[in-house]
Amino acid sequence: MAGSVSLPKSAPAGRTLNLVLATSASVVCFWAWNSVATLGSFYTQNLHLNPASTGVLVAMPVFVGSLGRIAVGALTDKHGGRTMFTFVLLASILPILLVAVGGTINSFALVLGAGLLLGVAGTVFAVGIPFVSGWYEPSRRGFATGVFGAGMGGTALAAFLNPRLVAWIGYFPTHLLIAAVLAGMAGLVWFLIKESPDWTSNNAPVLPKLIEAARTPVTWKMCFLYAVVFGGFVSFATYLPTYLRDVYSFDPAGAGARTAGFALAAVLARPIGGVLADKTGPKPVVVTSLAGVAVLAWVVNLQPDGEVPAGLTFVAMAAALGLGAGGVFAWVGVLAPQGKVGSISGVVSAAGGLGGYFPPLVMGATYDAATHSYSIGLMLLVATALVALLFTPLALRGPSKRPVSA
């Protein structure tokens with residue numbers, strides 16, 4: 001009938017609001033998750049740390065946040081995004097307060113232990129991927145997961161704001177502010193966010209679901225690729241303030257501002273990677289990303305001189321990593337069986353986080369103070385990106401794009 005128009009089934013009311021709320025929750029959690037890393041210079045000076053100890057300190061939240069995603073992804077399949085977003089936000093408050101106390105009394109052990117607990121904030125990613133995927137049809141999940149993935153912009157927020165907040169209002173009040181924002185966001189999520197109309201609780205025991213996800217071959221292929229692209233982003237975002245201090249002699253505020261620019265470039269590129277993956281398939285997006293990472297890591301190793309050459313190199317590296325992260329998770333949305341998106345997403349996102357855990361340790365352990373060089377760590381990144389570049393077309397053959405009608 002000519003005048004009868006109804007909303008398409010694929011566009012349920014409220015999905016844009018829920019995508020915005022989920023992304024906002026991710027921004028806040030990433031801000032908290034990176035609070036230790038962005039103040040690496042503060043801890044180095046006040047706790048009298050060497051580069052290796054600083055590397056351990058900034059990497060600790062990444063380690064727990066990565067492993068925790070495995071369980072949180074499966075729990076999201078069971079309890080839904082509303083409950084798990086709220087839980088992650090509230091559970092991050094106590095660790096951020098303990099970090100505040102540890103830094104105030106100059107206790108390396110307390111900051112390290114609190115950073116371990118603060119890893120819970122990093123599990124937010126495993127909540128959001130299945131949540132937003134449920135609101136969007138398969139042909140637009142690359143867009144949805146790409147937009148949600150832009151929540152890693154909380155890294156940019158932390159890098160830009162935290163050193164300035166410490167200078168303006170002090171170290172302890174800065175962490176009180178972050179805790180207050182976590183609490184406020186938890187309230188918004190609890191009262192405003194909703195599950196997708198098609199969501200149903202998967203009450204199967206968590207452990208068998210994780211074992212089943214682990215037995216799916218594509219899970220491990222996506223794990224490897226995501227460990228390279230998202231792990232590369234996490235490791236750069238967490239260690240870049242220290243790198244810029246050691247190699248380019250920036251003060252904490254200057255290093256933080258440039259790290260924020262790096263993170264912002266990755267944030268903007270991630271949804272683009274997801275949209276391109278929807279249109280062309282994820283494989284060409286991921287291949288392009290990995291080629292860019294390999295070339296740009298080699299250029300970074302050359303230590304380009306001058307603000308513009310160095311800045312453009314790091315921005316291009318961030319864009320390549322963000323593009324690849326969007327492409328890989330669009331691939332997960334295409335290949336993961338219905339009802340297993342949370343479990344598989346949890347395992348894959350854990351691999352991405354773990355991919356970001358080890359490089360700061362390697363960078364700290366291989367830093368050559370005499371030449372101010374991180375050459376060994378950067379060349380390892382070049383080699384890893386090249387291996388992944390060869391792996392992608394060889395191990396992931398066949399169609400990588402689900403038909404729009406699926």
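Biologist: Is Arg258 buried, exposed or partly exposed, and what relative accessibility puts it there?

Modeller: This is a predicted model, in which local features need pLDDT of at least 70 and side-chain atom pairs count only at pLDDT 80 or more, while totals for chains, interfaces and linings use all residues. Residues are numbered from 1 along each chain as its sequence is written, and side-chain values use heavy atoms, with hydrogens and water left out. A residue is buried under 20% relative accessible area, exposed over 50% and partly exposed in between (1.4 Å probe, protein chains only). Arg258 therefore counts as partly exposed, with a relative accessibility of 32%.

Biologist: Why can the contact between Arg258 and Glu307 be said to tie together separate parts, and how many residues apart are they in sequence?

Modeller: Helices are DSSP runs (H or I, at least four residues), numbered from the N terminus like the strands (E, at least two). Arg258 belongs to helix 13 (residues 252–280), whereas Glu307 belongs to helix 15 (residues 307–335), so the pair ties together parts whose separation in sequence is 49 residues.

Biologist: How many salt bridges does a search of the whole structure find?

Modeller: Among them is the pair of Asp246 and Arg245, whose side chains meet at 3.0 Å, N to O; Asp246 counts as buried because its relative accessibility is 11%. Including this pair, the search of the whole structure gives a total of three.

Biologist: Which residue is the salt-bridge partner of Glu137?

Modeller: Glu137 is in the loop between helix 7 (124–135) and helix 8, and the pair links distant parts of the chain, because the partner, in helix 1 (residues 15–33), is 122 residues apart from it. Both members of the pair are buried. With an N to O distance of 3.1 Å, the side chain that meets Glu137 is that of Arg15.

Biologist: Which geometry, stacked, tilted or edge-to-face, does the pair of Phe42 and Tyr43 have?

Modeller: The ring centres of Phe42 and Tyr43 are 5.5 Å apart. Tyr43 is buried, with a relative accessible area of 1%. The planes of the two rings stand at 85°, so the pair is edge-to-face.

Biologist: Which residue pairs with Phe85 in a tilted arrangement?

Modeller: The two rings are 6.4 Å apart from centre to centre, with 55° between their planes. The pair links distant parts of the chain, with Phe85 in helix 4 (residues 81–91) and its partner, 63 residues apart, in helix 8 (residues 141–149). Phe85 is buried at a relative accessible area of 0%, and the partner, likewise buried at 0%, is Phe148.

Biologist: Over the face of which ring does Arg82 lie?

Modeller: A charge sits over a ring if NZ of Lys or CZ of Arg is within 6 Å of the ring centre and within 35 degrees of the ring normal. Another such case is Arg140, whose charged end sits 4.6 Å from the ring centre of Phe143. For Arg82, at 3.6 Å from the ring centre, the residue is Trp190.

Biologist: What distance separates the C-alpha atoms of Ala100 and His175?

Modeller: Ala100 is found in helix 5 (residues 93–104) and is buried, with a relative accessible area of 0%. Ala100 and His175 are 75 residues apart along the chain, and their C-alpha atoms are separated by 5.7 Å.

Conventions. Rings of Phe, Tyr and Trp (its six-membered ring) pair if their centres lie within 6.5 Å; planes under 30 degrees apart count as stacked, over 60 as edge-to-face and the rest as tilted. A salt bridge is a side-chain nitrogen of Lys or Arg within 4 Å of a carboxyl oxygen of Asp or Glu.
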